[in-house]
Amino acid sequence: LTPASSFSKPKVLTAASTLKFIPEELAVFCRDFRLLHFYFPEHGLAPQAFRVANAIAQAREAAAWLGDAADGWVSPGEAPPEEEEEEDEEQGSSTTLLFESLRDWEEELQRLGAAGWRVSAVNVRFDMAPSLPQYLWVPSGLLDHDLKRTFAHFQERRVPRLCWRHPGGGDLLRAASFHPASEPGSEDVRWRCSVVLQGGDTRLGGWERMGGGWKGQTPPHHLSPPEPSDRDLNCLLASLVQLLGDPHARSLPGFQSLVQREWVAAGHPFPRRLGLLGRDAPREEAPVFLLFLDCTWQLLWQFPADFGFTEAFLLALHDSSFSPYFSTFRFSCQRQRGRSSLPQLPSQTYRPMGGWQDPGGHRGAPRPCSFPPVWAWGRRYTRQQREQFRNPAGPPGPAET
């Protein structure tokens with residue numbers, strides 16, 4: 001928010017700022033990169049301009065701590081009835097895989113038809129790699145005993161694992177770079193990595209040929225890690241490859257499941273990258289996830305008939321990413337989400353209506369649930385708003401095929 005006057009320089013306004021002039025213009029810089037200008041005539045609205053400018057600044061300061069609760073949130077008078085909430089929970093929980101249970105990983109692996117791969121629970125207690133999910137897709141012939149001896153060779157212990165299987169037979173893998181203390185050229189390390197990668201023609205630390213992808217073409221057998229940590233650009237690239245090559249990822253539930261697997265479960269540090277940790281936290285902001293949403297919008301704009309969701313859905317997801325009311329963006333990895341290790345902000349305890357369905361699919365009695373996933377859209381948007389998320393000109397949804 002930047003008030004300006006013809007007699008003074010523009011000033012960035014915060015809740016603690018004091019204006020020594022009556023603004024003639026307000027420039028609002030929005031998160032979706034829009035720039036809104038509001039002009040106040042010399043006569044009649046000058047006192048109101050002063051109050052409006054301060055009110056916006058105070059509201060923005062409160063939103064930074066409380067999560068923009070007023071931005072599109074369903075007000076008490078508009079709250080949908082319990083029947084609608086039940087329906088929304090059923091749709092959101094049954095069609096979107098959260099990848100917090102063994103069943104979700106097995107179900108998706110079966111959908112991909114990835115023969116030769118299995119779900120490993122080697123990291124079920126997060127003792128192998130704290131930032132990785134509990135379950136990993138690894139070669140069927142690789143024993144957990146041998147896999148455990150591989151973690152130490154990669155940064156943050158993020159070993160190579162399967163992301164996606166192309167129908168034509170190509171496998172997409174992601175991993176962190178080698179640990180500085182490791183010796184990638186040693187015979188022992190090369191043997192272990194070849195076992196993890198099934199002996200594929202792979203060069204860790206470099207790029208392989210990136211061919212095909214869109215419209216059913218076959219991608220390369222493996223994708224090498226482009227970054228040391230495997231928690232930022234790898235999330236982006238792995239998601240885009242699947243968005244281009246997998247029609248399911250372009251459906252509404254498929255896209256939500258893709259975000260859950262390649263960003264949420266894979267350990268993208270949302271709080272640090274989105275600046276949700278407060279003013280005293282180290283500045284490590286980077287709009288990597290927002291870049292992914294923008295790339296998705298670019299593809300949606302070019303191929304509207306290939307997507308089952310709309311620009312309204314992407315905007316809702318963009319706005320919701322800055323709200324700490326959802327477990328999806330509040331934590332940096334699955335381990336933190338399970339333990340809720342980050343301090344909770346005041347007045348953010350969430351109590352679901354009519355009970356809540358846990359990731360395992362069992363509905364229990366009403367109980368406190370600190371943060372629901374963002375995919376429970378009925379908690380924030382009305383039915384009419386949610387209908388605008390679906391693209392009527394897109395491919396038929398899973399229930400219509």
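Here, a contact means heavy atoms within 4.5 Å.

**Figure 1. Meet the whole chain of this predicted model.** The protein chain has 13 helices and seven strands. How much of the contacts with a separation of 6 or more comes from residues 24 or more positions apart? Such residues account for 62% of these contacts in the protein chain. Of the 401 residues in the chain, 49% are buried.

**Figure 2. A closer look at the largest nonpolar core.** This core has 35 residues. Which of them touch the most other members? They are Phe255, Trp263, Phe289, Phe292, Phe313, Leu317 and Trp377. Five helices each supply at least two residues of the core: α6 (233-245), α7 (252-265), α8 (270-274), α9 (288-302) and α10 (311-320). Of these, α9 gives the most, with seven residues. In soluble globular proteins, nonpolar side chains tend to be buried together.

**Figure 3. Phe313 and its surroundings.** Zooming in on one residue of the largest core, we come to Phe313. Leaving out residues up to four places away in sequence, Phe313 touches Leu252, Phe255, Gln256, Trp375, Trp377 and Phe389. Among these partners, Phe255 and Trp377 also belong to the group that touches the most other members of the core. A separate core of 18 residues lies apart from the largest one, and its members include Phe99, Leu109, Trp164 and Val241.

**Figure 4. Asn123, a buried residue in a loop.** Asn123 sits in the loop that runs between β4 (117-120) and β5 (136-139). Is Asn123 buried or exposed? Its relative accessible area is 0%, so Asn123 counts as buried. A polar atom of the Asn123 side chain lies 2.9 Å from the backbone nitrogen of Ala129. Setting aside neighbours within four places in sequence, Asn123 is in contact with Met128, Ala129, Leu132, Pro133 and Gln134.

Figure 5. How many disulfides does the structure hold? The count is zero. A disulfide is a covalent bond between the sulfur atoms of two cysteines. The surroundings of the two cysteines shown can be described by their accessible areas.

Definitions and conventions. Residues are numbered from 1 along each chain as its sequence is written. This is a predicted model: local features need pLDDT of at least 70, side-chain atom pairs count only at pLDDT 80 or more; totals for chains, interfaces and linings use all residues. Side-chain values use heavy atoms; hydrogens and water are left out. A disulfide is a pair of cysteine sulfur atoms within 2.5 Å. Helices (H or I, at least four residues) and strands (E, at least two) are DSSP runs, numbered from the N terminus. Buried means under 20% relative accessible area, exposed over 50%, partly exposed in between (1.4 Å probe, protein chains only). A polar contact is a pair of N or O atoms within 3.5 Å; within protein, one must be able to donate a hydrogen and the other to accept it, and residues adjacent in sequence count only if both atoms are side-chain atoms. A nonpolar core is a set of buried Ala, Val, Leu, Ile, Met, Phe, Trp, Tyr and Cys residues joined through side-chain atoms within 4.5 Å.
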